[in-house]
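Here are my notes on the model you sent over. Have it open while you read them.

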Amino acid sequence: MLKTAIVTDSTADIPDETINKYNIQVNPNILIIENQNFRDGIDLSRNEFYELLPSLKNPPTTATASSGSYQQIYEDLLNHGYDQIVSLHVSKQFSGVLNAASTAAQIFKNRVYVIDSKSVSMGLGFQVIESARTAHDTGDIIKIINRIEVLQPRIRLCAMLDTLEYLHRSGRVSWARARIGNLLRVKTFIEVKDGQARRIEDVRTRRKGFERLLNFLRSYEPLERLAILHSNAEDEAKKFLEAYSNNLKEDPIIVNVTTTIGTHVGPKGLGFAVVLK
Amino acid sequence: MELDPQITERRDYYRKKVIDGRALRNLVEAGLTWLRTNQEVVNALNVFPVPDGDTGTNMVLTMQAAYDEISNSEEISFSKTIQTIAHGALMGARGNSGVILSQIWRGFARAVDNIESLDSVAFAEGLVEARETAYKGVVRPVEGTILTVIKDISRAAEEAISETQDPIQLLEIIVRAADNSVEKTPELLDVLKDAGVVDAGGKGLYYILEGMLRYIDGLPLDKSAATVMPLSELFLDESMESIEPGQDWEVIVDFRLNGKLEINGFYSDLESMGTSIQFGEGDGFYRLHIHVPDENYYMPENYIKELGIVTKVAKENLVDQMDSRIRANLKAEPVLSPVEPGNIGVVAVVPGSGIAKIFASMGVAAIVEGGQTMNPSTEEIISRFDNLPTDKIIILPNNKNILMAAKNAAEFSKKQVAVIPTRTIPQGLNAMLRLVPDGDFDKIVSEMNEAISEVETGEITTSTRTVEIDGVKANKGNFIALLNGKMVAATESLEKSCLALLEHASACDYELITFFYGDNITQEEASLIVNIIRKKYPEHVIEMHEGCQPHYQFIIAIE
């Protein structure tokens, strides 16, 4: 049986146990705080990051891992028993990671397949986990790619941001600039679909937002998989999961999104990623 | 009832005349004139102790719009004339009463759709259809209003038709029936009883009909409607932005002549006094309109007194008026979002420039300024969205007086227009939160409808009379608090009334309180009160914004 390795970047937000179980290779993105580089999820914990955030004079920025680092990873894998590689990454609308990986992949003609997940966080994560399972079970790269193709259209990601400020500063979402002029303080709902982030609606209170988020989640039923996502809002995420009485085959997980995502959405974000049945 | 022989003579004379298009024009003019003469009487009947809905003014403007359509017409056909009248009334309809009035005209016009002249049977049929149409136009008809009056007079006409074939006698009968009906309205509507008044809209309808009868009977109507624009419309004329020097006062002199007028000499005399001269002739009445510099303040009326009998003089300070317009224009205009072709465009009606800016910041495509009385006409509303590059329009009326005009606008526009029945600013803002410009129209409309009930609205204003409403006593000058339109408190201090309102709204169960302060309170005063509220509700998020709305010191959103 051929052996296929699965590579992704740190925005996939996959829990550590799962990464270890399937030997998923995660190449971390870079967080830049006051000219210092931190590897996403490694050099700075999420807690430390959110504690630091309010006191920073200049907002943090992010960068992708270099093309060279991807090349290194692919080379290492191929030299250590893997026959081919599937490299799954965050939507190219949000980050330059895909480019970095694609550039690196060219050298390894036909042995490295770079795929745009058209999503982020667990939206990407679900695809990575599925690929890893299929790789573990069959090693068949065609099966893996088919699996991803079938899975992608069934993935939805929806989140309530406490403020649009961070998204606007990230410069990755053009409409955030226009909406920032809202004189009333609002929390904005966004939906990630087909690789783009779209604004759904606004709410004025967290309580209302919680309710609407539940409604949105229920509107996607029936569900196969569910991950509750948050940026430094663990308690609320737990309450949210409790409020959503579910009957899923696989237990839902709660994920505190990685710091590079946190930089772009800001703290107190709350949302979910689902795989539709 | 013994009639004055002069009146009897006039009625006999008019009985021989045909009630065609020309007669209708005179009758409408008479109804309009008499209503205008009594405009303030009707305005004063407005039950609610807040001058934010002037029934008399609204009905006059509606009737004026109707009359303007036919004033220069030579049409002889009764039905063609009344159809044009109905159209004009519809387009110019303002406020609830104005819109219902326009429906009355519309119904009447429908029933008599192919006659050259009116007879008693057509008259009665017209009134019946007017009643039907008026009721149909109201989602929840309330008795004790103009609806009851049209109902009662149509019934009186139906009964009388078996006894008389005389349209003038029929008119007399319905005028009496209208009078009785109006007097009985307090028995049907508690709000009227509590305030000790009859229904304003019903009274307005009565005046219109009475005016027609007075015309036939040769009784004075006190003002000629056959002249130029009424005073209020001159205010709306935006060309007053740049006023020539020497135009300090607008003077309007109504008079009767002692002899014939030598027009040329007359005009040149006037031209030495002032500018913007307009002269109108009616049935034995004349009206002169002129702008004069301050030093010529008394000249026009003194001049006229030598030619005839001055019946009325009205003066308006133009400089002061212009100053306030300039001051208003200095405040920045709200920046509206351009609508992508084919996307949903939202039109919001707003009472103040601050609120306009907030709606603009949320992405509305068009704004209708409601002004002091919050009574834009159907036409005004349509004009705001007609030119938008999309057929998908949503209207947020944000005031219960505007619902009908908004619904009319929806009906008459060729575009796909939905009206979200927002009755308050907070409801309108909440609905706006749900807008997704490229979303599915029906879905967005349904979501906006849902959003209305998700916020509680508080309003604080000054009581202009001593009343008892909803079980709450308010003295003139008190600050009254309204929760979702219902009066819940009246106190001598703004602070106390705000606190009382929040208590009644169970604000402790909510998390966000937003204050919009009006143009009758300073930012400092508003801040002081909001800070007191912050101390009382330390766990809540409290926001304050400049609303610039008239009449209401605060509009409060609780959510």
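What percentage of the 559 residues in chain B do buried residues make up? They make up 48%, where buried means that 20 or more other C-beta atoms, placed from the backbone, lie within 10 Å of the residue's own.

A word on the ground rules: this is a predicted model, so local features need pLDDT of at least 70 and side-chain atom pairs count only at pLDDT 80 or more, while totals for chains, interfaces and linings use all residues. Residues are numbered from 1 along each chain as its sequence is written, with chains lettered from A and ligands numbered from 1 in the order in which they are written.

1. Overall make-up. Chain B has 22 helices and 16 strands, taken as DSSP runs (H or I, at least four residues, for helices; E, at least two, for strands) and numbered from the N terminus. If you take its contacts (C-beta atoms, placed from the backbone, within 7 Å) with a separation of 6 or more, 68% are between residues 24 or more positions apart.

2. The open sheet. Six strands of chain B line up as β13-β12-β9-β16-β14-β15, with mixed pairing; pairing here takes at least two DSSP bridges between two strands. β13 (486–491) and β15 of chain B are the edge strands, each pairing on one side only. On average, neighbours in this sheet are turned by 20 degrees against each other, direction ignored, with axes fitted to C-alpha atoms.

3. Inside that sheet. β14 (residues 512–517) and β16 (residues 552–558) of chain B run antiparallel and are joined by 5 bridges. One to click on: I513(B) has I558(B) in β16(B) as its bridge partner. Helix α22 (residues 523–536) of chain B packs on the sheet, where it touches β14 and β15 of chain B. Its direction makes about 170 degrees with that of β15(B), on a scale from 0 to 180 degrees between N-to-C directions, the helix axis being fitted over the stretch in contact.

4. Where chain B meets chain A. The contact involves 14 residues of chain B and 14 residues of chain A. On the chain B side, α16 (353–361), α19 (425–433) and β15 (541–546) give two or more residues, and α16(B) gives the most, with 3.

Notes:
Buried ≥ 20, exposed ≤ 12 C-beta atoms within 10 Å, placed from the backbone. Contact = placed C-beta atoms within 7 Å.
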